[in-house]
Structures are given as C-alpha cells and as structure tokens.
Amino acid sequence: MTDYLMHLAIVIGIYATLAQGLNLLLGYTGIISVMQASLYGVGAYISALMASQAGVSFPLAFASASIGAALTGFIVGAAITRLQGDYLALVTFGLAVIFYDVFNNWLTVTKGPMGIPGIPAAFETKEAWLVFVAALAVAALLLVRRIDGSPYGRLLRAVRDDEILASVLGRSTQRTKTTVFTLSAFLAGAAGSVYAHYITFIDPTSFTAMESVSLLTMVIIGGMASPVGPILGAGFVVLVAESLRFAGLPDATAAPLRQVLFGLLIIVAMLFRPQGLMGRYRLSK
Amino acid sequence: MLLTVEDLAVSYNGAGVVRGVTLHTAASECVAVFGPNGAGKSTLLKAVAGLLRSDRGEVLLDGERITGLDPATLGKYGIVYVPQGRRVFPSLTVYENLEIMLYRLGSRERRAAVESVFADFPALRDRSGVAAGRLSSGEQQIVALARAMVLKPKLLLLDEPTHGLSAAWVERVFVSLKALCGRGVAIVLVEQAVEKAVELADRGYVMRLGRIVREAEAANLVQAYRESGLAWTIKGERNYELSQFA
C-alpha cells in the first residue's frame, strides 16, 4: 500500500512539473496549447534513447532531454507565436498530431507503437524517486513563483491581457511568447525524462493530444496563473482518475471514461469556478 | 522642428486612407488633428507610431529619418503612442501598469520613475495596488497617460484620449494634458472633443478623406474647420460637436 501511495505521489510530482510549464503558457500568457504532451514526449524519447542506446548516465540524459525539448519549444514557438488566440491553439493541435505521428511512425528511432522498453531506472527505490520528483516539482514551483513576481511575469500577464497594447507599447510580444514556449518546453522535457526513467518504458500513447487535454484540466482545475495551482490540479486529476481503478471497471471502459471525466471537469470548472481552485485568472467568455 | 511628416501615404488593401499628409510639430508644441470619422486621423497616428507601413513619404524626428521604425525603437527616440480604447492591462495593478515599460531598469530605478509620475498624477498613488481593470474608464485613461509619461517622452501621440468618457473625466484628462504640455512634452492629439482640444492646442490640422485640408493657429481653428467644408454645430455657448460632411 505504501508503495502504491508513493507511486501516486511520484506521478503527481511528474504531472505537477509538466503542468507548471503549461501554467506559464495558459495561465500567465493566455496561450492555449494542446501540444504540451508532445514536448513531454520529446524529452522522454531523447532521454530514453540516450540512456538505453548510447548508455549515458541519467543526469546527462535528463539535462539533454530538458535542453532538447526547450530547443524544440523554441523552434516551434518562433514559428507559430506570431499567431494569436484560437489560431494559435489550432496550430498547436496540428503540431500535436504531427508529433504523435512522428513518435508512432519513425520506427528506426522511436520503434513506433512497440515503444522503447528497458530504459534504465535512475533510482532503485521509490523513496529515492519520491525525493527526486518532489525536488523537481518544488524547483518548478520556485521557478514559476520567481517568474510570477518578476518584470518578466508582469510582461507575460500584460501579453495575456492585451497583446496588441503590449506591442503598441514597444514590447516584442512574439519574442515574449517564444521565450515562454521555450521555458514551458524545458519543464515538459524534464518531466518527460523523469517519466521515461521511472516507468522504464515509453510508447506514443503517453504523448497524445488527449494527454495534453488532461494537462489542461490540471491547470484549469488547480487554478491558472497560480504557482500552487498546477500541483493541486495534478493531485486532483490523478486521484480522480485513480479512483476509477476502484470502481471495478474493465480497462477498456475505464480509459475512455477517464477522458469523459476530464472533459466534464473542465466544463464544470468553466461554469462554476473558471479561476480554478487557486487561480487568479479566468479564460474570457 | 521636432516632428516632420512629409507627404505620408498609407493604404489598407490598396485603398488609400492617408493620402499625402504633411504636418509638423515643434518641441513642446501641442498640435491637434481634427476631422470626421474615416478622415484618416488614427491611421496617420499609427503610421507615425510605426504600427502601419507607409506607401510613401517620410517621418523625421529632429531631422533624422524614423520612417518605418517599430514602436520599441521609436520609444528609445522618445516617441510614445497612446492608442484609442486600449488603456490598461486589466489584471495588472496600477503600479504594475506604470512600470511595465521599464523592464530594462533596476528595481530601484523603476520605483523612482514610477514615484516621479505619482508626483504628477497624485490620485494614482492611492490606487497603486488596485487592479487597473477595476478602475473607471476615466481613471484608466489617466493611468494610460501616466504610463506614457513614465518613459519621459519628447513626443506623445494621443489617439482620442477622451473617447467614451463622461464630461467630468474629459475635463480631468484635459487638465492632465495641459499639465504635460506645460512640462515641455510635444503632443500630437487626435480628438473628437473639439472644444477642449481647441483650448489645449497651439495649432491644428483639419483632415478630410485622407488629406490635410486646413492648418491654423488654435485661435483660428474653428474658422478653419468651417472653411474646410465640415459642419461644426454649436450647441449652447461652448459645446461643439462634429457632424458628417456638410
């Protein structure tokens, strides 16, 4: 039982780190992205390939995954952030589909749907994993808190409030959005690396657009533009999803039901508490 | 001459909106641009502010060509544009709205710059911790002016700063503008509150269909406006109202 609870805590920690990155995009900058799981996947694959095929150590694989995902985020961000609002959201959806197809079909590298098994675990005990993941989640929290109170954080919120006014006042909103995309991808890559080395197996099904919707649920439920919100959101969503496990449903039913539940949670939050549990910002109507 | 605009032309999708406008502003001078809706006033201001690309013509600041420079670069030259309608970042506090442009400065310098603006706009000091979105429209416009002043501009480009405000707030905004003029800031003002603008401006231009059709000293502006072929209906003693073409 303790093992199971520690496992849940580790998963929550990984998702909290991942959701912090999305919080920077959605909560602070107002960018709806459904490709956060894709960048998570980029980190996971980089780390898995480096560790299992090149035999590099976890710290190096972890750093490479974070930087590789950040670089991917930078390139994607630079290419798409001249778009705004719904257009930008749609483009991230298109990119999520493309990334999934690459993970699924680049057989020589990703092994496609077969996935990559036997990724070396970074730690041998759950306790060690828990400490590491908790430290990572706290580091992500501190980073977002630091951004929250900084001139850069105010700039992000200014872009979210009125991108045109921010650009009229001489701020490069495209550069701002590109940097936040990069930061967000860095956190996604770090979380992806940890996930790969914790589960020791990855395949494309963990990095779909629907996974990104789960992440959006975490940020919205926890509260946008709140450093603590994604942690609460990750905890809430993971525990709600896990509770289905005890309902005695077969896997084939539980998995789609989980997605339905996430959809319902977003709808309920939007209707009754659009700022989430801890948020200071709500998506405009 | 501080600002010189020469033969500036701007079009939207091939349709000429500003058609060869020439105007100038001296240092510390307040110049108003009048005209009916669709005359091209706001487009002219946006082109000078670097938000629209001109088809032809030049914009010069102190004789130096600044045509086509983006707003960030123009800010370094001391030109600040205050757009119509978009006044504040609603989720930022008044203080944060004022310091948002000072990202290159250290925290102490930022605080000093904002404090100096609070000295000019004392009413904002009490509201500094309030989210700007909670302020009235008039207060938000004062924040927008104060935010522009934080940058210590040489030239302010103001696009209808009293649009949508109550008469009391129109009065207060013009009091603030008068104070700015008295401090040596040059202003190019596009404004529908003609009566107040005439009181403020040193000189004015009347635009019609994308062209300057009259230029006059402030005292002669009313006459110039009438001569430009635009009706200027007088309500009561002092309240003028623009109408469409005569």
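When I say "helix" today, I mean a run of at least four residues that DSSP labels H or I, and helices are numbered from the N terminus. With that in hand, hello everyone, and let's look at a residue in chain A. A:Arg282 sits in the segment that follows helix H12 (251–272) of chain A. Please keep in mind that what you see is a predicted model.

Let's stay with that arginine for a moment. Is A:Arg282 buried, exposed or partly exposed? To count as buried, a residue needs 20 or more other C-beta atoms within 10 Å of its own, and exposed means 12 or fewer. A:Arg282 has 16 other C-beta atoms within 10 Å, so it is partly exposed. Which residues does A:Arg282 touch, leaving aside those up to four places away in sequence? They are A:Pro274 and A:Gln275.

Now let's zoom out to the whole of chain A. Along the principal axes, its C-alpha atoms fill a box of roughly 55 × 40 × 35 Å. Of the 285 residues in chain A, 52% count as buried. And if you take the contacts in chain A between residues at least 6 apart in sequence, 79% of them join residues at least 24 apart.

Next, where chain A meets chain B. The contact takes 14 residues from chain A and 15 residues from chain B. On the chain A side, helix H7 (151–161) and helix H8 (163–168) each supply at least two residues, and the largest share, six residues, comes from H7(A). That side divides into eight nonpolar, two polar and four charged residues.

On to chain B, where we find strands. Strands of a sheet pair through backbone hydrogen bonds, either parallel or antiparallel. Let's begin with an antiparallel pair: strand E1 (residues 3–12) and strand E2 (residues 15–25) of chain B, joined over eight bridges. Here B:Ala9 stands opposite B:Arg19 in E2(B). E1(B) and E2(B) form a hairpin with two residues between them, and B:Asn13 in the turn has a positive phi of about 50°.

Chain B also holds an open sheet of six strands, in the order E6-E7-E8-E3-E9-E10, with mixed pairing. Why is one side of E6 and of E10 left without a neighbour in the sheet? Strand E6 (79–82) and strand E10 (211–217) of chain B stand at the edges, and each has a single partner strand. From one strand to the next, the twist averages 15°. Inside this sheet, E7 (residues 155–159) and E8 (residues 186–190) of chain B run parallel and are joined by five bridges; B:Leu156 stands opposite B:Ile187 in E8(B).

Finally, a word on confidence. The model scores ipTM 0.79 and pTM 0.85. Chain B has a mean pLDDT of 85, with 90% of its residues at 70 or more. Where does pLDDT stay under 50 in chain B? That is residues 233–246, for which the model has 21 contacts beyond four places in sequence.

Key. Residues numbered from 1 in each chain as written. Chains lettered and ligands numbered in written order. Predicted model: local features only at pLDDT ≥ 70, side-chain atom pairs only at ≥ 80, totals over all residues. Pairing = 2+ DSSP bridges. Axes fitted to C-alpha atoms, helices over the stretch in contact; angles between N-to-C directions. pLDDT = per-residue confidence, 0-100. Contact = placed C-beta atoms within 7 Å. Nonpolar A, V, L, I, M, F, W, Y, C, P; charged D, E, K, R; others polar.
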